[in-house]
Amino acid sequence: MGDYYRPAVLSDLLQRLEAGNAAILAGGTDFYPARVGRHPHENIIDITAVQALKGIRETADGWTIGAATTWADVTAAELPPLFDGLRAAAREVGGRQIQNAGTIGGNVCNASPAADGMPALLSLDAEVEIQVRRGCHRMPVRDFVLGNRKTQLEAGEIVTAFHFPRRDPQRSKGSFLKLGARRYLVISLVMVAGSVEWDSDRIITSCRIAVGACSEVAERLAALENRLIGQKLSGGLEALVGDDCLAGLAPIDDVRATAAYRQEAAGVLLRRLIREWGEMA
Amino acid sequence: MTSTISFKVNGARARVDVSPVKRLSDVLRDDLGLTGTKVGCNAGDCGACTVLLDGEQVCSCLTAAGQVEGRSVTTVEGLAPTGVLNDLQASFKRHGAAQCGICSPGMLMAASSLLSRCSSPTRTQVEDALGGVLCRCTGYQKIVEAVMDAGGQGEALTCPGAGAAVGAPLAKLDADPKLTGAEKYGADSIPKDALWVRIFRSPHAFAHVRLGDFGDLVAATDGLEDILTHEDIPFNRFGIYPVGKDQPVLTEGLVRYRGDALVAAVGTRQAVQSLQLADLPVTFEAMPPLTGVAEAKASDAFQLHEDKPGNILIEGAVRKGEAKAAFESAAARSEGAFTTHFVEHAYIEPEAGWARPVGDRVEVHVTTQAVHMDRDEIASVLQIPKDRVRVIPTACGGGFGGKLDVSVQPILAVAAMKYGRAVACVYERPDSMASSTKRHPSEITCRFAADEQGLLVSSELIADFNTGAYASWGPTVAGRVPVHGSGPYFVPNVHNIGRGVFTNGPPAGAFRGFGVPQAAIAHECMMDDLAEQLTLDRLEIRLRNALRPGQPTATGQVLTHSAGMAPCLEALKEPWAELNRQADGFNRASSGSLRQGVGIGAMWYGIGNTALSNPSTMEVGIDPGGQIVFFNGAVDIGQGSNTILAQICADAAGLPVEAFTYIMGDSDLTEDAGKTSASRQTFVSGKAAEQAGQDLRLSILRHVNAGEGARITLLPGCLVVEDDSARHEIHLEDLPRQDKGMVFMGRGNFDPPTRPLDENGQGDPYATYGFAAQIALVEVDTDLGTTRVRKIVAAHDVGRAINPQQVEGQIHGGIAQGMGLALMEEYVPGVTENLHDYLIPTFGDMPAMEVIIVEDEEPLGPYGAKGVGEPGLVPTAPAIFGAVRHATGVRVTEAPLLPHKLKAALTNQEARK
């Protein structure tokens, strides 16, 4: 095998990254399954000792979650209802063992079309923070992931955190629903996530809705979002979900489900998610 | 590159020099000898390797050694450091929560993490905490109960006393090692200096293969000793039946399925694991595969085996009366066509074992269901006499029929003999799934007819089974299904046909039920159809037709006793009415997309081989020190024969079961008890065990001329025999040693009486049958097409429950597998070769299960007992499908009923309205 390097501080990590030619290991929940029956032969940088990559913080602009924060940490964090969707997604990742090891950054960088975290991150307008030794930049999560197993991450770069813009904690809410062929340890057939904000008259002032596992990269549904803005949170809101809202999706046919089924199920889950918003006290 | 890593394991300091990316599971097992941590998938899909890292559960197979530096790891060995079970382990023992035991360490660790935060968890908390660990045996219910009762005060039953073992919910005799991690499975006792074997497999379903020269590769690869090819195999064929062995150990140039074995690398573990198929000089010329029965039967189809024209492996038939004529004139008639697909056993322990030469013999340690068949097969492959082969079974981490065929055995024996040293082989999960046998996909057409009262007048069933690339147990399936195809009913006119057809699929073999579960989906749908036509209650129509003592079966066999179909249905009447009321009430109150429904499935199942001799011989002795030794050739694969057979033997001998020790399966030390399959061990080996116990008792009584009713008491080195007239002391050291070093030995042998089937399939194929019916309450989300099974009530006629707790466990596990068959499991070669793409039920999928044990005693069986291993699974899918139909109107004709298929059916139904 190659080298194994487990730095404790970010600067050391970035320096080693710059030297190139290494795979990143964090929770191992994608790394090891890709190497069943094989001995890892590549150089490895293990980022799990870098404290700067972990944790959840409230900032002046909103919230920040370190890229190496585990799903279990997300579940346990004290976050406003805006993050209920992300927390629900965290509880649906694998089983408890996977949630204790798997990281939010790994989920995004692995870029699976069925990544459990993606719809919720999209629905929270998350930005990815990317660092290289000489600098740092941000981009929206939706731009970062390019396709199945493809991201914008370049050699020498690493995702260090996710940033979430501030919303009124009293008047915002996030939600998430996952459909799989069984309970626990299941790859999604369809996922939907959304976040919504409203004013003192319960009028929706903004919302973001995303569908996962129905396209190469989870998709925001702009048409539906626009239709909801200006509506009052009340019963029957889900009637606004029309088939036309789902036109941008391109689900696949496979052993788990047909494309047509995924498309239809996405509509069902969206109506359920939005009905819940309408019925919120 | 290795590093020194220091951490704490179970409170003690550990230092290892290993590669820092080595999986923690491998470090624990290989470097620290802590083999209590099991490896089921190396991919985080099964949770068997769960340990605690600083108190939190993680998959040790996904944890890099480098990540535990300075941290604290707790394994199952840390739960009972002094050997005394902790409260959680004791609760698992008390509740019968371990069957094969391979998932138990993972379950215990996940539960320990939960209990450290929350001492009295709810059911949901238990499910959430343990949901990442898969179990294929128990159906999870007893595990949930054990975790919830971890603080409970109850005690496991371990000492029922002499004569009181049969009928007692005795804790497993092997519960402690399974719960402390001490139990050794196939991969757990491999010698350190063993060479490793890795089999490379075809990525194509059908191809010509050219093997190049491996000399350069071997010379250039550190640690690689050799690449074995078919030329190294003395007789390069194996297969279940003595005639028609058709599967090569290693390919001779034509591969017939994706997973067919090509060559085997031998070397250090590191060397063989670093090698990839792409590194080998092997080239393929792929051909279009025969993927299904229709393609394989086409007149221009490639013939896969020289001696099998038309790709037909075998055809079996049962003919009685004039079914066609009876059908045409009947009052109520139903017809249907049904499809099922490949199903994977998904035992949590992959195939594993090791072998070594001992003198001119070879000794094979392996996880298996069939010790003596393995011995014979190894001798055949090596072309040596059987007495030069010794097979020692390890504990078996689940079988369900999949470990009846040999896997690692032949190549291990060949390599051990060739290199003169120990060799080992452990399958990774994808190897296991690609290479092992599957449940037969089926295409079944059938038609049933009844008179105005709902009494069946005819049944016809034609079943084509896709037997895959090699015969395996295909003939057994084709023979068993025609016998059972009419269901557990009296039908005067019958015509059933079962066929096995070769394709380029994986070999379909034995899987809990041998084709009967597939046929039951068909015949139970017929019963629901007829009930609907005649507006009869679905339970009532089954009751009217239930096969009763004195009535002939489809094969003309008249059952004179222990035909408990009607009692099972009677026992379900109340819960049937209750669940129907519940579903009706739910549906009346529900305006949304959820609909509830109730269904029923009934079945019968012949115990043991179909119209073939299947004897068992058991021995029990007392050694000079006063130790009772039970020489038990039956392999316990989790179903509990180690305990059940001892209970029977103990009561027959009049000795306390708690004094029993046993030797399981060692082919040198035990007699042939036959394979652990066909639900036969309790009935067949149980009878032999009863006779062995009686024989032992008699020889003791005879020794002192005591009367039949005498009481035997065991003291250290001494037996005391007391009857009304005298008290005798037998000092065991003074007695001459007999066979196997024993001073007393009892022997029993039983071969269930059967009568061969004639050209019309008429005869007595089984000595006895199990009967059962299950009812299911389901909830269908009609918007999504998803089905949630809420409740199953199962009534099973087991003759006599030797151990009621284990009977329940078998039924729970059967229900879980039946639910998987019904709702989620479909093996697709190349697509679902791991446990995240192949889905089996988890904690969160299981319904509440209630078991009603019906005891219609079988006079031939030990204390009246029959078998229950397979019957647990057979009625489940039919009951679920009936319930879905009740809830939605959709008549289900294909398993699994995946959400998209049910949704499409619902949409079609809507469109037709």
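Analyst: Let's begin in helix α17 (residues 565-589) of chain B, where E578(B) and R581(B) are three residues apart, so about one helical turn separates them. Helices here are DSSP runs of H or I with at least four residues, strands are runs of E with at least two, and both are numbered from the N terminus. This is a predicted model, in which local features need pLDDT of at least 70 and side-chain atom pairs count only at pLDDT 80 or more, while totals for chains, interfaces and linings use all residues. Residues are numbered from 1 along each chain as its sequence is written, chains are lettered from A and ligands numbered from 1 in the order in which they are written, and side-chain values use heavy atoms, with hydrogens and water left out.

The two residues form a salt bridge, with 3.1 Å between the closest N and O atoms. The term stands for a side-chain nitrogen of Lys or Arg within 4 Å of a carboxyl oxygen of Asp or Glu. In general, side chains of opposite charge can pair when their charged atoms come close. E578(B) is partly exposed at 38% relative accessibility, and R581(B) is exposed at 52%. For these words, buried means under 20% relative accessible area, exposed means over 50%, and partly exposed is in between (1.4 Å probe, protein chains only). Elsewhere, R356(B), R361(B), E363(B), R390(B), D666(B) and D668(B) are joined into one network by salt bridges that share partners.

How many salt bridges does a search of the whole structure find? Over all chains, the search finds 77. One of them pairs K903(B) with E264(A), at 3.6 Å from N to O. That pair crosses between chains, linking helix α22 (residues 899-912) of chain B, where K903(B) sits, to helix α9 (residues 259-279) of chain A, which holds E264(A). K903(B) is buried, at 11% relative accessible area, whereas E264(A) is partly exposed at 37%.

Another salt bridge joins the side chains of D46(A) and R6(A), at 3.7 Å from N to O. D46(A) belongs to strand β3 (residues 44-46) of chain A and R6(A) to the loop between β1 (4-5) and α1 (10-19) of chain A, so this pair ties together parts that are 40 residues apart in sequence. D46(A) is buried, with a relative accessible area of 0%, and R6(A) is partly exposed at 26%.

Apart from neighbours within four places in sequence, T786(B) is in contact (heavy atoms within 4.5 Å) with L179(A), Y261(A), E779(B), V780(B), D781(B) and P899(B).

Now for a covered strand. In β6 (residues 195-201) of chain B, seven of the seven residues are buried. Both faces of β6(B) are covered, with L195(B), V197(B), I199(B) and R201(B) on one side and W196(B), R198(B) and F200(B) on the other. Strands count as paired if DSSP finds at least two bridges between them. β6(B) runs parallel to strand β18 (residues 423-426) of chain B, with two bridges joining them, and V423(B) in β18(B) is the bridge partner of L195(B). β6(B) runs antiparallel to strand β10 (residues 261-267) of chain B, and here six bridges join the two. G267(B) in β10(B) is the bridge partner of W196(B).

Helix α1 (residues 24-31) of chain B is mostly covered too, with six of its eight residues buried. Its cover includes β1 (3-9), β2 (12-18), β3 (50-53), β5 (72-74) and α8 (269-274) of chain B. Just after α1(B), G33(B) has a positive phi of about 70°.

Finally, step back to chain B as a whole. It has 22 helices and 33 strands. Its radius of gyration is 27 Å, close to the 29 Å from the globule rule for 913 residues, so chain B is as compact as a globular protein of that length. This radius is taken over C-alpha atoms, and the rule is 2.2 Å times the number of residues to the power 0.38. Of the 913 residues in chain B, 67% are buried.
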